[in-house]
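Have a look at the sequence and the 3D view before reading on.

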Amino acid sequence: MSAFAAGWARLRDGLRGVLGDDAYERYLRHCRARHPGATPLDRRAFYASELERRWKQVNRCC
Amino acid sequence: MSTGKLIRAASWTAVAVAGAAAFGGIALHRGESINALWFVVAAVCTYLVGYRFYSGWIAARVCRLDATRATPAERLDNGRDFMPTHRSIVFGHHFAAIAGAGPLIGPTLAAQFGYLPGTLWLLVGAVLAGCVQDMLVLFCSTRRDGRSLAHLARDELGRFGAAAAMVGTLFIMIILMAVLALVVVKAMAHSPWSTATVFATIPIAIVVGIYLRVVRPGRVLEATIIGVVLLLGSVAAGGWVDSHPEIRAWFDLDAKALAWFVILYGFVAAVLPVWLLLAPRDYLSTFIKLGVVFLLAIAICILQPDVRMPALTRFIDGTGPIFSGSLFPFLFITLACGAISGFHALVASGTTPKLIARETDVRMVGYGSMALESFVAIMALIAACVLDPGVYFAINTAAGVVGSDPVTATATITSWGFPVDPAQMEALAASMGEATLYGRTGGAPSLAVGMAHIFGSAFGDGLFAIWYHFAIMFEAVFILTVLDAGTRVGRFIMQDALGSLCAPLGRTSWYPSVWIASLLVCAGWGYFLYIGVIDPNGGINILWPLFGMANQMLAAIALAVVTSIFVKSGRLRYAWVPGVPLAWLVTVTTTAALQKVFSDDPRMGFFAAARDLADKLAAGMLPPDRAAVAPQLIFNQQLDGWLTVALLFIVWTIVIDTGRGCWNHLSGRRPAPDTESPYVATQLT
């Protein structure tokens with residue numbers, strides 16, 4: 001059962017990573033580690049600014 | 001030798017022998033049919049051997065990948081685009097970005113030559129050229145702060161090379177969007193079920209977008225799961241629409257109306273904020289894409305279908321009904337993305353390198369993702385080849401080639417040696433929930449029939465109609481993603497260009513500029529789409545070769561940049577690694593382009609086709625419906641001819657530029673500076 005649970009957790013984390021579901025958590029971790037004094041963006045603002053950045057370049061192929 | 005080493009050597013020998021045996025089985029098999037599992041074994045073994053040995057050698061000797069060297073993701077970490085990421089996640093990201101409709105459509109069309117040529121080039125081309133290109137571009141960009149291809153081209157080839165790369169990118173995007181839009185339109189024409197399902201994906205994407213923005217910001221996984229469930233529901237709902245006599249009529253649209261709809265959609269999606277439509281649609285398409293690839297591989301292994309297409313057909317002589325042109329060079333032009341795709345260089349530079357945590361990950365991400373993409377192409381080829389060849393040709397050949405009524409069409413195809421009859425086609429269409437499958441050019445419907453056949457048989461219970469429309473929805477979802485994302489990126493490139501003519505037009509968020517630039521991009525691909533729709537020969541036969549040539553040209557640009565970097569960074573000994581694929585691509589694109597420009601055969605040459613049609617029009621030999629569109633088709637053939645000339649010019653400019661730069665460097669006349677970022681030791685553990 002625990003092997004199954006571990007497998008499921010890995011699959012879920014993998015999917016979250018590939019889809020970008022964990023982007024905000026990773027951003028927070030980065031902010032805490034690198035810029036301890038600064039206030040990070042909140043989730044909503046982060047999501048909005050990420051989309052703007054990501055869709056200004058070619059990120060999908062034929 | 002230790003036991004471990006011995007076991008490893010033995011298992012790699014086994015993989016190599018199994019691959020060689022499967023390859024031999026496919027190549028030498030001469031019978032009624034051959035099991036698709038042979039293809040899977042040959043493919044997997046080829047990729048494994050290529051990955052283990054060739055990419056390993058490239059990584060160690062050619063690139064000299066260094067795990068102690070800090071990558072841009074580490075050095076420039078900003079918690080956003082630059083961020084060290086686990087290599088399997090980067091692999092997933094990169095694969096989702098490079099996998100598109102190209103490797104599904106190209107092999108489907110190329111199946112007109114038989115199964116053998118396509119299989120051979122998909123495997124050999126991927127292992128020796130496509131995977132190598134992706135890996136080397138990713139490597140060069142990673143060593144240069146994750147710079148984009150255009151930036152690398154400017155550094156290596158100078159301003160002219162960079163301008164050529166930019167024009168080439170815009171051109172390939174316009175043609176790509178036109179041909180993909182045409183594929184969707186051909187699949188939806190007079191098919192209420194497909195049309196209703198594809199239309200439903202738009203509100204579903206908007207619901208997901210609102211959820212992600214307003215309800216639960218950034219919770220991509222849960223939003224995607226909701227969206228995917230709704231999409232599956234939309235496939236079933238399409239079936240209900242189809243069975244309802246009144247509602248059915250609303251969605252029973254002809255190709256022209258659908259073309260206008262798709263153009264309007266592209267414009268609106270490019271102008272709307274990304275969070276509303278574009279981004280959520282992309283999340284859905286990524287999820288579905290990964291799922292379907294996985295499912296298809298399992299289904300092929302369970303079902304082990306027989307491939308009915310012969311190894312080679314008579315059309316290798318260039319008289320093919322789906323597209324004209326002989327095996328060389330048009331097999332390579334048509335397969336394009338599944339073996340080597342220039343578009344990948346745009347993702348492998350600029351986006352992916354900013355995530356690479358360790359330089360040694362370049363091998364798995366660059367080489368590995370392309371091997372998987374090529375495997376997707378092999379599965380698409382299998383899906384096309386498990387159909388009865390007669391059925392395959394009946395679906396993929398335009399009415400202008402075989403005639404528009406079932407009796408004539410099936411009789412013509414039977415006369416080619418691929419027996420098919422109207423009753424068989426009617427039964428097939430009925431089982432797929434369609435009124436007709438004749439002349440559904442573009443590859444998507446025949447792929448969907450093949451997938452429905454594989455899924456429906458492997459997972460029991462038939463349900464062919466549901467699987468067919470699921471496959472159409474699957475293809476449409478990411479084709480529409482390419483349309484809106486492509487229009488948007490094209491808009492930025494256009495605004496950049498317009499900005500140099502008139503400064504305010506370069507402001508990316510100024511509304512008049514946004515509208516004008518988006519309108520120009522939509523008009524660009526919309527024009528080719530519209531011509532493709534009114535062309536009785538189906539349009540695909542013109543647009544796909546044009547797309548293939550542009551794609552291979554972009555690959556040539558990328559490889560020229562890599563070759564130039566190799567020569568200037570002390571890797572002259574290994575310059576043949578990108579150099580040989582480069583020479584091959586230049587040969588293929590040049591031959592194809594020259595044939596398309598100078599051939600006297602109206603089925604092949606653009607100018608010859610224009611002259612032929614003009615003569616027929618002048619002599620009054622055309623039926624009234626064809627005469628009405630003839631002037632537009634004549635103009636279009638001439639335009640395509642001139643565009644091909646421009647492509648040729650771009651390719652040779654780049655080649656000459658590269659050669660001159662390398663010569664100047666090697667002869668010591670003008671040694672190029674090292675463009676690599678300096679070595680910094682990694683701190684990652």
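Predicted model: local features only at pLDDT ≥ 70, side-chain atom pairs only at ≥ 80, totals over all residues.

Start with chain A, which has 3 helices and 0 strands. Going along the sequence, you'd write its pattern as α-α-α. Chain A has a radius of gyration of 15 Å, while the globule rule gives 11 Å for 62 residues, so chain A is more spread out than a compact globule. Here are some overall values for this chain.

| Property of chain A | Value |
|---|---|
| Box filled by the C-alpha atoms, along the principal axes | roughly 40 × 40 × 20 Å |
| Share of the 62 residues that count as buried | 27% |

Now hop over to chain B and find helix α7, residues 149-188. A straight helix of its 40 residues would reach 58 Å, but the end C-alpha atoms of α7(B) are only 36 Å apart. Look at L157(B): α7(B) bends there by about 145°. Of the 40 residues in α7(B), 30 are buried, so this helix is largely enclosed by the rest of the structure.

Last stop: V90(B), which sits in helix α4 of chain B, residues 87-98. Is V90(B) buried or exposed? It has 28 C-beta neighbours inside 10 Å, and 20 or more is enough, so V90(B) counts as buried. Setting aside neighbours within four places in sequence, V90(B) is in contact with several residues, including T85(B), T352(B) and V365(B).

Technical notes. Residues numbered from 1 in each chain as written. Chains lettered and ligands numbered in written order. Helix = DSSP H or I, 4+ residues; strand = E, 2+ residues; numbered from the N terminus. Rg over C-alpha atoms; globule rule 2.2 N^0.38 Å. Buried ≥ 20, exposed ≤ 12 C-beta atoms within 10 Å, placed from the backbone. Expected span 1.5 Å × (residues − 1). Bend = angle between axes of the 7 residues up to and from the residue. Contact = placed C-beta atoms within 7 Å.
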